[in-house]
Amino acid sequence: MPKTNKIYTVSQINSLVKTALEERLPSRLTVRGQISDWKHHSSGHCYFSLKDTGGILPCVMWASKFRTVKFAPEDGMEVLATGYVDVYQVAGKYQFYADRLEPAGVGALQLAFEQTVAKLLKEGLFDEAKKKPLPLYPMRIGMLTSESGAAVHDIVDSIHSRWPCATLFLYPVPVQGEQAAEEIAHALRQTNRRNSTLNLDILIIARGGGSLEDLWAFNEEIVARAVFDSRIPVVSAIGHEVDTTIADLVADARASTPTKAGVVAVPDQQEILTQLAATEQRLTTQIRAMARSARQDLEIVLASALFRNPLSLVQDASQQLDELIAELTDAMKELLERARRKLSASYEQVARIEPHRLLGRRSVEVSEWQNRVNLAINAIVNNRRMQLTAQANRLTALNPKSVLQRGYSITTNKRTGLLVRTAEDVRPGDRLNTELASKNLIESEVVKK
Amino acid sequence: MKHMAEKSQKNDIGKLSFEEAITGLTDIVGKIEQGQIPLQDSLQQYEKGMALIKHCRTILQKAEKRIEKITEEQTDGEED
């Protein structure tokens, strides 16, 4: 009986191949090749091929594994993939299941760093124009760093030695490990959100020195974006002098190490005190100069003629008044003189016009004119006389003898020649003169007293 | 009245932040040095300037070197 060929099912074949592969191939191997057809599915899984000049190897990388890949794989990139080969029975093909992916040649972290820098640079996260100025005199300073590390002490010392009036706020965060980047980003966002109560002027994100892996959290995009989004100015103080992280590039200011944080973030109290003293000096000098100059101005004013002889104004005015009165008097005299000349000229004219002929007609006119002239002159004269009488009356009022007009009399002792005011001024037998208003004298003798 | 005004001015200065005080001081120095204001105002500004300097010195010389810790917010449920 001829050997009957066994009939396999499809599944059996695939299963056999799978077993054969498992038996013949190492359970874990690394393959080198160039990426092509890279697809990052929305599920998070990655599908791609690795190829070299001779062939092509379909590959899968599950989302859970891809999460640990720091750089962004892309077509054409030469990589080392580590994993195992297995059969994808549904499609009837074998493929490579990668759990690690690294760039060939340069280190994965180095490549990731370069890629992130290129990406964020393009987005403008490092733009100088986007950097916020640091406040000149920060009084409340937040520190985002590990509570246990050396960095926190370095920062505290470097700040308080220069600027002891600042209050420091420590927000403890892990600075390395899986969760570090996320927690640092979270802390940045939370301090910003709570800053209406925290009132922080500056945030310092810090970590002491370490390897590229140790510092990696500060190269993560999530941290870079949180730094960029922070409304509170961020100062980075990460690693040693030679280390540059992406956080350093995004931060508003960078201290090369935590010990330099103070120099970057805060002013020197001594310098400020010196400046204050200088300002005080400037103000005092200036105000003294102003006072001196004001005093000089005052002295100049006081030395002027007006202040030396304040009456001079009045005196000048009174002299002007005198002059005006004199002018006025002269003018009036002149006016009067002219009127008088006109009058006598009129008389002559009248005389020349054969009076006997014109007399009948003109005599009335003449006498009219004469009357008017006389009246005018009399008015002036009377006016003057009244003024004179008024003046004389005023003078008379001051004259002791005017009292006599009112019936009083003045009695003089002829013997002593003195006025008799009381009975003591006379003795019997004295002869007295009594003067009356009428200028008459009565002589009498003292008979008794 | 005048005394009260001076007192309230002093209280106001006491409330200023260091930065505000320095800004105010710079302003006063500028005004006085440029001689833009009359003597009487200058004297008032000078006195205010001296009060600001004193306030700044008080702040600087407190020098408490305080350190506090920020703790996670209790009600911190939302992530932004």
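How many salt bridges does a search of the whole structure find over all chains? The count is 25. Before I go through some of them, please keep in mind that this is a predicted model.

I'll start with chain A. R254(A) and D248(A) form a salt bridge, and their closest N and O atoms lie 3.6 Å apart.

Next, the pair R340(A) and E337(A). Their side chains meet in a salt bridge, 3.3 Å from N to O. As for solvent, E337(A) has a relative accessibility of 34% and counts as partly exposed.

Chain B has a pair of this kind in a helix too. K31(B) and D27(B) are joined by a salt bridge, with 3.9 Å between N and O. The cut-off is 4 Å, so this pair is counted. These residues are four apart in helix α2 of chain B, which covers residues 18–34, and again the separation is about one helical turn. Both ends are partly exposed: K31(B) has a relative accessible area of 27%, and D27(B) has 43%.

As a general point, side chains of opposite charge can pair when their charged atoms come close.

K119(A), E123(A), E221(A) and R225(A) are linked in a network of salt bridges.

Now to the inside of the model. How many cavities of 30 Å³ or more are there? The count is one. The volume of the largest cavity is about 50 Å³.

What lines the largest cavity? The residues come from chain A: L125(A), D127(A), K130(A), K131(A), K132(A), V227(A), F228(A), V250(A) and D252(A). By type, the lining holds five charged residues, four nonpolar ones and no polar ones. The lysines K130(A), K131(A) and K132(A) are part of that lining, as are the aspartates D127(A) and D252(A).

To recap, the search gave 25 salt bridges, and the cavity count at 30 Å³ or more was one.

How values were computed:
Residues numbered from 1 in each chain as written. Chains lettered and ligands numbered in written order. Predicted model: local features only at pLDDT ≥ 70, side-chain atom pairs only at ≥ 80, totals over all residues. Heavy atoms only, no water. 1 Å grid on protein atoms, 1.4 Å probe; cavity = no way out; pocket = protein on both sides within 12 Å on 5 of 7 lines; lining within 4 Å. Points joined across faces, edges and corners; volume = space filled by probe spheres on them. Nonpolar A, V, L, I, M, F, W, Y, C, P; charged D, E, K, R; others polar. Buried < 20%, exposed > 50% of the residue type's maximum accessible area, 1.4 Å probe, protein only. Helix = DSSP H or I, 4+ residues; strand = E, 2+ residues; numbered from the N terminus.
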